[in-house]
Amino acid sequence: MSAIAMTAIPTEGFTPPGPGDFNLPPIGHSEGTAPTFEFLGQTMYWGVTKPMVQLALSVVLIFTFFYLASRHRAMVPGKLQYVGETAYGFVRNGLARDTIGSHDFMRFVPYLVALFFFILVNNYFGLIPGIQFPTFSRAGMAYALAALSWVVYNYVGMRKHGVGGYLKLQTVPSGVRGVVLLLLVPLEFFSNILVRPVTLALRLFANMFAGHMLLILFALGGEYLLLHTTGLTPVAGVLSFVMFMGVSVLEMLVMALQAYVFVLLTSMYIAGALADEH
Amino acid sequence: MDGSLNMLGYGLATVGPGLAVGLIFAAYINGVARQPEAQGRLQPIAILGFALAEALAIIGIALAFVL
């Protein structure tokens, strides 16, 4: 059926969304007039862009929420304090304590709580009307976060075991001897030290990017089919908008899940770096 | 119509991670159905497995744009 519908739609006037739609010009400039600079052979915009403002906005929002929630602390919590405590307790008990273990976890709770809500709020910017741009659909933002987590877990591991002991813990699998080590040590080093931050960043970035791209596609495609075609195809435009709403609901789930997964993996890497030698 | 062959290849490549994610959650649902009180322990494991299997699809989409 779709093949028949496809032949009836003239595709000349429709430009499908691409990665370029995520490269927003700086605030106050349009695409042509924005100042640019060269970095690693690529032309980049020079100025403050929308995702940068969103990062700052998210920090203000999170700080305000937790400040208000913890201002009038009482034995019997009020509504706001209860919500704040539940949110904090979810990360503290459900993520940090369960993965890192009750001995060491308190040191990392501030970082993990901040990380979780920072990612959560920035992801949900993708669905809030008026903003509608998930901050981490720009890869650079996700790389910076993953680099921070990478530094944290390597640093605590090296402080506990020493540099040599930590590298041994991460790269030498227990119970393996002889020639196999020659093969396994570089592989483990590659996987545990080099690839981990990259997959951590790419997972967050690609989920936000792909989800937002899907939303743009259904919105633009629906608009095009509904307004610029004739015959039966506007019906497909309505269907496209229904899909848009469905994908929005799916995105709500994915956004919360990706914040959870990022913090879960970070705390697991920390737990792995702190583990005693076996 | 024009488009990138990379994206077609990526679409085919998602079959693998898709099956993997399905299998992981099938095992999780099975586990919870047999022993509902184990849900708290199984959930982080299931989500971790999901994230690791999904990483393949993620690397795929990155390569589809880069290559």
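Chain A has a radius of gyration of 23 Å, whereas a compact globule of 278 residues would come in near 19 Å; this radius is taken over C-alpha atoms, and the globule rule is 2.2 Å times the number of residues to the power 0.38. Please keep in mind that this is a predicted model, in which local features need pLDDT of at least 70, side-chain atom pairs count only at pLDDT 80 or more, and totals for chains, interfaces and linings use all residues. Residues are numbered from 1 along each chain as its sequence is written, while chains are lettered from A and ligands numbered from 1 in the order in which they are written.

**Chain A as a whole**

- Seven helices and two strands make up the secondary structure of chain A, counted as DSSP runs numbered from the N terminus (helices: H or I, at least four residues; strands: E, at least two).
- Along the sequence of chain A, these elements come in the order α-β-β-α-α-α-α-α-α.
- The C-alpha trace of chain A spans about 70 × 60 × 45 Å along its principal axes.
- Of the 278 residues in chain A, 28% are buried (buried: 20 or more other C-beta atoms within 10 Å of the residue's own; exposed: 12 or fewer; partly exposed: in between; C-beta atoms are placed from the backbone).
- Among contacts in chain A with a separation of 6 or more, 62% join residues 24 or more positions apart; two residues are in contact if their C-beta atoms, placed from the backbone, lie within 7 Å.

**Helix packing in chain A**

- Helices α2 (residues 50–71) and α3 (residues 79–100) of chain A pack at an angle of about 120°, with their axes 8 Å apart; axes are lines fitted to C-alpha atoms, for helices over the stretch in contact, and angles run from 0 to 180 degrees between N-to-C directions.
- α2(A) and α3(A) are therefore oblique to each other (under 35 degrees is roughly parallel, over 145 roughly antiparallel, 65 to 115 roughly perpendicular, and the rest oblique).
- From α2(A), the contact uses A:Phe66, A:Leu68, A:Ala69 and A:Ser70, and from α3(A) it uses A:Leu80, A:Gln81, A:Val83 and A:Gly84.
- This contact of α2(A) with α3(A) has five nonpolar, three polar and no charged residues (nonpolar: Ala, Val, Leu, Ile, Met, Phe, Trp, Tyr, Cys and Pro; charged: Asp, Glu, Lys and Arg; polar: the others, Gly among them).
- α3(A) also packs with helix α4 (residues 109–124) of chain A, at an angle of about 115° and with the axes 10 Å apart.
- The contact of α3(A) with α4(A) divides into eight nonpolar, no polar and one charged residue.

**A look at A:Ala34**

- A:Ala34 sits in the loop between α1 (2–8) and β1 (36–39) of chain A.
- With 17 other C-beta atoms within 10 Å, A:Ala34 is partly exposed.
- Leaving out residues up to four places away in sequence, A:Ala34 touches A:Pro25, A:Pro26, A:His29, A:Tyr45 and A:Gly47.

- Chain B has three helices and zero strands.
- The radius of gyration of chain B is 16 Å, well over the 11 Å that the globule rule gives for 67 residues, so chain B is more spread out than a compact globule.
- Buried residues are 10% of the 67 in chain B.
- Between the chains, 12 residues of chain B are in contact with 12 residues of chain A.
- The side of chain B that touches chain A has 11 nonpolar, no polar and one charged residue.
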